[in-house]
Amino acid sequence: MRLALIGYGNVGKAFARLLESRRGVFPFRICAIHTARHGTAYSLRGLPIKPAFGPSAESIDEFLERAQSDVAIEITTLNPATGEPALSHIRAAIARGIHIITANKGPIAHGYAELRDAAAFHQVCFRFESTVMDGAPVFNMVRNNLPGVKVSGFTGVLNSTSKVVVAALREGLTMEEGIRRAQQLGIAEADASYDIDGWDSAAKTAALANVFLDARTTPLQVDRRGIGKLTPSRVQRLASLNKTVALVSRAKLTPAGVKLRVRAEVLDQTDLLAAVQGTSNLLLLHTDLMGTVGTVSISPGVEQTAYGIFSDLVDIARTL
Ligand SMILES: NC(=O)c1ccc[n+]([C@@H]2O[C@H](COP(=O)([O-])OP(=O)(O)OC[C@H]3O[C@@H](n4cnc5c(N)ncnc54)[C@H](OP(=O)(O)O)[C@@H]3O)[C@@H](O)[C@H]2O)c1
């Protein structure tokens, strides 16, 4: 299968390394890569991990036209306020009848229902497992393993950067030092304030709500407060009381509609939501037939994001 990558940063490179490590077993080839500043690269026979980029394609349509791929993989920078440019990239791929995978939660948080319906109309697969909890099965788990189940809400700790920052504050480091740590791990958003101010969590909350609760919402509608005001002394004082702080996402289906909120909550260290350390994430889905069921991802990194894309790709290959 021929793949076109739109974006080639941390995730794109990790995905290319993963494909390289499974070459011979899975028949996937990256035949085109488009970036914002580094240019565009094409090769029918497949591109190396460090491709030679030529001049940038003038538009996403020009890129997709020349790439002639079976699947496009959208992994550009997140814009939690608009979902762009990913939203337009995905629309363009779907309109051309190209299967699409994204790790960018922006479009799921801003335009899921429209994209889902357009994909169904054009009879293409649209997958987005890595948008929440990297490669840990969330969307695919519900789709493939929970038939007939209705999700009525969820609770999660979904942002790794804020966890790394809180851990750094507990050690007496500053917020900036904590952010640098997350950046060195390659897990922070290009603009780390999106993590700190709760935008990344709000985008994931909106994405989950759009997919599971048909909320047709956006991150702007999530009642959001980040961890920006935390200080080392506050976190250390809480630690002395066996408490910690985590950025918690909550969603609930109520008679008045879907209620969504992201908050820096004070939790007991023994609380399930606080128990997973490091970059680890946890999501509990509240359902009708299966009660509460969850997914935990211990210390995910960018390789697990790449795996989520890979699992979507295998899922698409199986359905063809
Ligand atoms: N990193 C993670 O652990 C992680 C986890 C889950 C989900 N994600 C999501 O995955 C996506 C990619 O993350 P990343 O860490 O790989 O980001 P990144 O390192 O900042 O790379 C972003 C890439 O997108 C390209 N790009 C930006 N705007 C573009 C445009 N208009 N047209 C074409 N290319 C464009 C950039 O081009 P240049 O190279 O020319 O700048 C760069 O190659 C984000 O949406 C992020 O939220 C990341």
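Q: In which loop of this predicted model is Gln68 found?
A: Gln68 is in the loop that runs between helix H2 (60-67) and strand S4.

Q: What is the phi of Gln68?
A: As a general idea, most residues other than glycine have a negative phi. Gln68 is not a glycine, yet its phi is positive, at about 50 degrees.

Q: Is the peptide bond that joins Glu84 and Pro85 cis or trans?
A: In general, most peptide bonds are trans. The bond between Glu84 and Pro85 is cis, with omega about 5 degrees. Pro85 belongs to the loop between strand S4 (71-74) and helix H3 (86-95).

Q: How do helices H1 and H12 pack, and at what angle?
A: Two packed helices are described by the angle between their axes and by the distance between those axes. Here H1 (residues 10-21) and H12 (residues 302-319) pack at about 65 degrees, and their axes are 8 Å apart. The crossing of H1 past H12 is right-handed.

Q: Which residues of H1 and H12 meet?
A: On the H1 side they include Val11, Ala14, Phe15 and Leu18; on the H12 side, Ala306, Ile309, Phe310 and Leu313 are among them. Sorted by class, the contact of H1 with H12 has eleven nonpolar, two polar and two charged residues.

Q: Which residues come nearest to the ligand?
A: There are 25 residues around the ligand, and Tyr8, Val11, Arg37, His38 and Thr76 come nearest. Val11 is also one of the H1 residues that meet H12.

Q: What distances separate ligand oxygen atoms from side-chain N or O atoms of His38, Lys105 and Glu189?
A: For His38 the distance is 2.8 Å. For Glu189 it is 3.0 Å, and for Lys105 it is 3.4 Å.

Q: How much of the ligand does the protein bury?
A: Taken alone, the ligand exposes 910 Å², and the protein buries 85% of that.

Methods:
Residues are numbered from 1 along each chain as its sequence is written. This is a predicted model: local features need pLDDT of at least 70, side-chain atom pairs count only at pLDDT 80 or more; totals for chains, interfaces and linings use all residues. Side-chain values use heavy atoms; hydrogens and water are left out. Axes are lines fitted to C-alpha atoms, for helices over the stretch in contact, and angles run from 0 to 180 degrees between N-to-C directions. Helices (H or I, at least four residues) and strands (E, at least two) are DSSP runs, numbered from the N terminus. A crossing is left-handed if the near helix is turned anticlockwise from the far one by less than a right angle, and right-handed if clockwise. Contact means heavy atoms within 4.5 Å. Ala, Val, Leu, Ile, Met, Phe, Trp, Tyr, Cys and Pro count as nonpolar, Asp, Glu, Lys and Arg as charged, and the others, Gly among them, as polar. A residue is near a molecule or strand if one of its heavy atoms lies within 4 Å of it. A polar contact is a pair of N or O atoms within 3.5 Å; within protein, one must be able to donate a hydrogen and the other to accept it, and residues adjacent in sequence count only if both atoms are side-chain atoms. Accessible areas come from the Shrake-Rupley method with a 1.4 Å probe; for residues, only the protein chains shown count as cover.
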